[in-house]
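Subject: Structure handover

Hello,

Please find the structure below. My notes on what turned up in it follow.

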Amino acid sequence: MKKIFFLICSLSIGLGWQVQAQSATTPEGDVTSYVNPFIGTGAVDASSLSGSNFPGATLPFGFVQLSPDTQDNPDNPASGYDYNDKTIVGFSHTHLSGTGVADLFDVLFMPTTGKIQANPGSADKPDSGYRSRFSHDQESAHVGYYQVKLLDYNINAELTATEHSGYHRYTYPKTDQAHLVIDLNHTLNKKRPYWSCKVIDAEIRQVDPYTVQGYRILTGWAQLRKVYFYAKFSEPIQSNQLYTGGSMYPNEKIVNGTNVKAVLNFNTENGKPLLIKVGLSEVSVDGAKANLAAEIGEKSFNQIEVAAKEKWQKELSNIAIEGTKEQKEIFYTGLYHAYTQPNNLADVNGDYMATDYTIHHAPDKTHYSTFSLWDTYRAAHPLYTLLKPEKDAGFIRSMLRQYETFGYLPIWQLWGEENYCMIGNHAIPVIVDAIFKGIKGIDVQKAYQAVKNSSMISHPGSPFYLWNKYHYMPENKQSQSVSITLEMAFDDWCVAMLAKKLGKEKDYQYFIDRSGYYKNLFNKTSGFFQAKDDKGNWLPNFNPLAYGGNGGNPFTEGNAWQYLWYVPQDVQGLVDLEGGKAGFTAKLDSFFTIKDLPKEVNGNASGFIGQYAHGNEPSHHVTYLYDYVGQPWKTQLYVSKVLRELYNNSFSGYSGNEDCGQMSSWYIFSAMGFYPVNPASGKYEIGSPVLKSATIHLANGKTFKMTAKNVSDQNFYIQSVKLNGKPYNKPYILHSDIEKGATLEFVMGDKPNKKWGQDLTGLND
């Protein structure tokens, strides 16, 4: 293991305590009122997927997500909160939003009364531990705030947050038996067979009657994580029970081990709420202390709550939409989820732990992680280039820091560490797209070096020596071979385009040739991409309906039908492989109408329209492919169907895992009438808007506005389009058109206008 160095700084903190009445007013133009943090927190039934979102308090791109956990060892949903559960085990300070794999759940606090309990108990027997029953009738949330009544203890719990700190307000009944459990053994499921979790070391230390600090080091989806906390209480700790390994030590000042917990005892007979301010850091306890001082200091709970709302209002309000109440709630909650991550790991002084486990310093005071790139490169990052370009530049600078210390760009980075989840090297299209769109704050030469070398140096999931030798991935040498071949070809196209822009002709030719390797796995007899072995033989018993997962099959979280369409860099080449427009269109028609499914479907597949599965990302661009063959009215039909049937504003509002903003970003783009099929092309293919209007106040000071006249549930077909007041017959618009400031006007109707969208000039460039 690499040696770990710590940068320790000392800082004194003045912390004050105030209790104020909570404001209930909603100012004019408050877009945060449309955010419903409960959207995507559960599934309708056991056969459905939830969005895997959490309802708790967080700030845009913040380090802390203070939220309830309804499971002691969360696994599915990965956020730790399931709307269908009946008990809460506690409130932990870090969570993942919308992912398919669980992790984090750091520093769990749980207020209790009565008999002291140090074990969480079980959901079916909540009386056996410190967990509590709760009811949605006594639960609420809005941006930066969460509240629930813990029914077993008659405690009202309220949470708010800053970027690196959590703020708790617990209103106990008047009692001399008020307790607070701190559980550092609360983690993801420790028994799961993949990315196994183990607490390596933990410590809780009572500094004085008002202060507790500690840390824990553990494995999990992120291979080695450290989290430090520093907590200040508004009331004195009367006594404590510290626990390690099942043994209890009363009124000690420090405890450490691998199974560490504490019960802190308070007297709440004065009727005052117990207020707790908790700073977090991945660097040190002193870092957590400094974060708390800088972000909360002497501020009251209500001041922090109001500040959180103001920050969300600022982030969300550069786009204004006109639509139904449900559409606004889906749209703005989607933006909220898209801005929940990536997360800034750097302390307020800019220190962060790099991939080499040493402490580095970020001059801009930000170092982002939680890059679910297999998902988010498709629409979330293109959305950032449109709405938050300065943030996207910060994300890319953070990706480049991994390259500097690790040798290649992130694949799926969590807590600043690479976990190699999923396939492809999709930081590459994110970086190339941003450079082509002229986003400032990126070192272009360093970025090119990173994308090139990340496409040359073999690493898990990307054995380039096989790629260069066989010009495809042989399944007997590399599992998920078809999906990797297709996705690697797209990444190579991105490298080629950047090389061409920078005048690197030799590199351009090398990578553009590799980007065509996808054709080597196309079987003209079956009309599908299929797996070969290293001898060039097709694998036997091919079934285009058969699903793969994340290993042991040629396809990744999909089947041959869903991956047939993954050639975003060369749709015309795919049209040619399918025998031209007629063959391509017939195949696409079948894709949306064949309902047969095998006995076993990958757990990520959901939201079906034929073989189209909107609940997972490989299908997300396919509704827009009719634009490429002169039948955009079919794109309009299926895009409208997805928008209206596969999203809603309930707890089960997503048809699959939200995946760190990708599911939401699809909706946000598509609701405005366009979507990036090739997310590094600077083009947005036109679909079918559901909003009456959307106005984006761009970072360059200009304004883009779209309108949709006559739009309704029945009027989803485009009759005509104008761009800047002039008739427009292309089924796509350019990012550069939007950036100049533009108006895009749709006229909608209930029947297709098959004459619109027939100018394909430049679409396949």
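**Sheet, cores and a surface patch**

Strands β33 (residues 693–697) and β34 (residues 703–709) are paired antiparallel, with five bridges between them. One of the residues involved is Thr-695, whose bridge partner in β34 is Lys-705. Please keep in mind that this is a predicted model.

The two strands belong to an open sheet of six, ordered β20-β33-β34-β38-β35-β36, with mixed pairing. Its edges are β20 (319–322) and β36 (726–727), each of which pairs on one side only.

On the nonpolar residues, the largest core has 215 members. Which of them touch the most other members? These are Phe-91 and Phe-331. Helix α10 (residues 481–501) supplies the largest share of this core, with 13 residues. Another core, of 18 residues, lies apart from it; Tyr-145, Leu-292, Ile-304 and Ile-359 are among its members. As background, nonpolar side chains in soluble globular proteins tend to be buried together.

There is also a nonpolar patch on the surface, formed by Met-456, Ile-457 and Tyr-510, and together they have about 240 Å² of accessible area. Ile-457 sits in the loop between α8 (444–453) and α9 (464–470). Why is Ile-457 called partly exposed? Its relative accessible area is 38%, and the partly exposed class runs between the buried limit of under 20% and the exposed limit of over 50%.

Regards

Notes. Residues are numbered from 1 along each chain as its sequence is written. This is a predicted model: local features need pLDDT of at least 70, side-chain atom pairs count only at pLDDT 80 or more; totals for chains, interfaces and linings use all residues. Side-chain values use heavy atoms; hydrogens and water are left out. Two strands pair if DSSP finds at least two bridges between them. Helices (H or I, at least four residues) and strands (E, at least two) are DSSP runs, numbered from the N terminus. Patches are made of residues with over 30% relative accessible area and no salt bridge: like charges are joined within 9 Å, nonpolar side chains (Val, Leu, Ile, Met, Phe, Trp, Tyr) within 5 Å. Accessible areas come from the Shrake-Rupley method with a 1.4 Å probe; for residues, only the protein chains shown count as cover. A salt bridge is a side-chain nitrogen of Lys or Arg within 4 Å of a carboxyl oxygen of Asp or Glu. Buried means under 20% relative accessible area, exposed over 50%, partly exposed in between (1.4 Å probe, protein chains only). A nonpolar core is a set of buried Ala, Val, Leu, Ile, Met, Phe, Trp, Tyr and Cys residues joined through side-chain atoms within 4.5 Å.
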